[in-house]
Amino acid sequence: MNLLSKAILSATAALALTATSCQSAKFTGDTLRMDMNAYTEGTVSYKGSEIAYRAYEGIVYVASPVDTDYQTMNIYIPSAYFEGGEVNGYTAKTAPIFFPNTVGGYMPGKAGTLAPGMGGSESASVAALANGLVVASPGARGRTTQNANGTFTGKAPACIVDLKAAVRYLRHNKDLLPGDTEKIISNGTSAGGSLSALLAASGNSKDYEPYLKAIGAASERDDIFAASVYCPITNLENANTAYEWQFENHNDYQKMDITMLDYHVERKLTKGSLTEEEIALSHELAKQFPEYVNSLALSVPKNNTKLTENDSKTGELNSLIMNYIEDSLKNKISELEKDGTADSEKKKAELLARPYIKTDSNGKISIDQFAFMEYIGRQKLPGAFDSLNANTGENSLFGDETTDFKHFTEYALKNSKTNAPMADSKIVKLMNAMNYLGNAQSARYWRIRHGTSDRDTAFAIPVLLALSAEQKAGATVDFYMPWDVPHSGDYDLEELFAWVNTICK
């Protein structure tokens, strides 16, 4: 056999080996390997530019799904990454992965698409593509999910388990997918913001392993790089007491009449005043919150003094919250002054005329706290999250396969007006990011936003989350309370992706 024949034989053998290896990888029975040929193509507009993309939709991200309506993921990738190109300085290897969930009110959320946001607002996923990110938007089961037999299949901790499984799916296919699986950035609003924070806090915790194995999640890591968190409905065990600590002695309310606690649902406000019994309950709950704050052993930012609080709201935490709010007000005033138009001057005058804003003889602007809280207004009745009637969305979250509503705090159980049982404390733990900061592989970077007009949870809840991420998990945290912003998210996409570029480049 001459040298040429030997070379041809060797090359043929090598090709055969390569083909066998590829076939082996494709047909090993690994149902979690992604089919990169199963895509559609499209274009989408963002700020006057057209972005071409490949869409991989309806991907079931676990081997043993409970509900394929929700345990699916849509992945959108800039077409340039399949052609060796760059977008915003990123390549197929370096592009961060934007991981937005669609959960609201702990309801089930389907895999996100590139459709506009609420009210036709810009899509965060489209903005992510325009900035060169790969978008992977997972669906997740929620508290109302049921199977054909009427069994609940989405009670806690199903929603966070599903998101972790989706992260594991991405890592399982990292050799196939464009995008850097070491730069996964979660995003969510309200209950979805809580899940974004929980996913970021609890990376690789063994607490979730039995649930992940049960649905056939890939045997991969589930820690993420960063979290974008809008108005998180989190720290539910302490949310009742925090809410009353903030709104104590504010007895008029505008309560939401809705059938489910989902921020996507249109809400109808009903005005009323607390009863004597509800006022007494408010006082009892408010007194419990400072003890929790003091137990956290946090420090005042840029100060070595311990962060403490008391019943009269004269501690460091209250001062810190009001500083955040006053800084936001001052920034808004500066923004209006910088604009310099007649309309801006009018808006500034209207703003300064609000009853809670005080201006002293030297022109120094401050906020009267009681008047400010009165202006914002109470939205929820005492027992805002764990109701004595066990009828909130959060009570539903902690149900089980056959029980829709459960209590999840000892106080509500002790004073319950129903026969609702107590949720398993291990399950309650699994839903609180505060329990995992410093006790798991938490994300390195956090961006937390909570508007100054948000009444869905107490200001202390996101503030304590931010402080704990920074001080207990050693994360770099960007926290801000944007002026006059209500319970909402994805309203500052330019700033969001500027932050993403800062931490990723």
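Biologist: Which residue of β2 does Thr43 stand opposite?
Modeller: In this predicted model, β1 and β2 run antiparallel and are joined by 7 bridges. Tyr46 of this pairing stands opposite Ser49 in β2. Thr43 stands opposite Ala52.

Biologist: Which residue in the turn of the β1 and β2 hairpin has a positive phi?
Modeller: The hairpin formed by β1 and β2 has 2 residues between the strands. Most residues other than glycine have a negative phi. In this turn a positive phi of about 50 degrees belongs to Lys47.

Biologist: In what sense do β2 and β3 pair, and over how many bridges?
Modeller: Strand β2 covers residues 49-60 and strand β3 covers residues 72-78. Val60 stands opposite Thr72 in β3, and the bridge partner of Ala55 is Tyr76. The pairing is antiparallel, over 6 bridges.

Biologist: Which strands stand at the edges of the sheet?
Modeller: The open sheet has 9 strands in the order β1-β2-β3-β5-β4-β6-β7-β12-β13, with mixed pairing. Two of these strands each have a single partner, so one side of each is left without a neighbour in the sheet. From one strand to the next the twist averages 20 degrees. The edge strands are β1 (40-46) and β13 (476-480).

Biologist: Which helix lies across β12 and β13?
Modeller: β12 spans residues 445-449. The helix that lies across β12 and β13 comprises residues 460-471 and runs at about 160 degrees to β13. This helix is α14.

Biologist: Are α8 and α9 roughly parallel or roughly antiparallel to each other?
Modeller: Helix α8 (residues 316-339) and helix α9 (residues 342-352) pack with their axes 8 Å apart, at an angle of about 155 degrees. Angles over 145 degrees count as roughly antiparallel. The two helices, α8 and α9, are therefore roughly antiparallel.

Biologist: How many residues of the contact of α8 with α9 are charged?
Modeller: α8 passes α9 in a left-handed crossing. On the α8 side the contact is made by Leu329, Lys332, Ile333, Leu336, Glu337 and Asp339, and on the α9 side by Ser344, Lys347, Lys348, Leu351 and Leu352. By class, 5 are nonpolar and 1 is polar, while the number of charged residues is 5.

Biologist: How many polar residues does the contact of α6 with α7 have?
Modeller: Helix α6 (residues 236-247) packs against helix α7 (residues 276-295) at about 110 degrees, with the axes 7 Å apart, and this makes α6 roughly perpendicular to α7. Asn238, Asn240, Thr241, Ala242, Glu244 and Trp245 in α6 meet Ser282, Leu285, Ala286, Gln288, Phe289, Pro290 and Tyr292 in α7. Beside 7 nonpolar residues and 1 charged residue, the number of polar residues in this contact is 5.

Biologist: Is Asn235 buried or exposed?
Modeller: Asn235 is in the loop between β7 (226-230) and α6. Although not a glycine, Asn235 has a positive phi of about 50 degrees. Its relative accessible area is 1%, and the cut-off for burial is under 20%, so Asn235 is buried.

Biologist: Is Ala297 buried or exposed?
Modeller: Ala297 lies in the loop between α7 and α8, and its phi is near 55 degrees, a positive value in a residue other than glycine. A residue counts as exposed over 50% relative accessible area. With a value of 54%, Ala297 is therefore exposed.

Biologist: Which residues are joined by a cis peptide bond?
Modeller: Most peptide bonds are trans. Here a bond with omega of about 5 degrees is cis, and its Pro157 lies in the loop between β5 (134-138) and α3. The residues joined are Ala156 and Pro157.

Biologist: What is the relative accessible area of Lys164?
Modeller: Lys164 is placed in helix α3 (residues 158-172). Leaving aside residues up to four places away in sequence, Lys164 touches Leu199, Ser202, Gly203, Asn204, Tyr208, Leu212 and Asp222. Lys164 is buried, and its relative accessible area is 0%.

Note on methods
Residues numbered from 1 in each chain as written. Predicted model: local features only at pLDDT ≥ 70, side-chain atom pairs only at ≥ 80, totals over all residues. Heavy atoms only, no water. Pairing = 2+ DSSP bridges. Helix = DSSP H or I, 4+ residues; strand = E, 2+ residues; numbered from the N terminus. Axes fitted to C-alpha atoms, helices over the stretch in contact; angles between N-to-C directions. Contact = heavy atoms within 4.5 Å. Buried < 20%, exposed > 50% of the residue type's maximum accessible area, 1.4 Å probe, protein only. Parallel < 35°, antiparallel > 145°, perpendicular 65-115°, else oblique. Left-handed = near helix turned anticlockwise from the far one by under 90°. Nonpolar A, V, L, I, M, F, W, Y, C, P; charged D, E, K, R; others polar.
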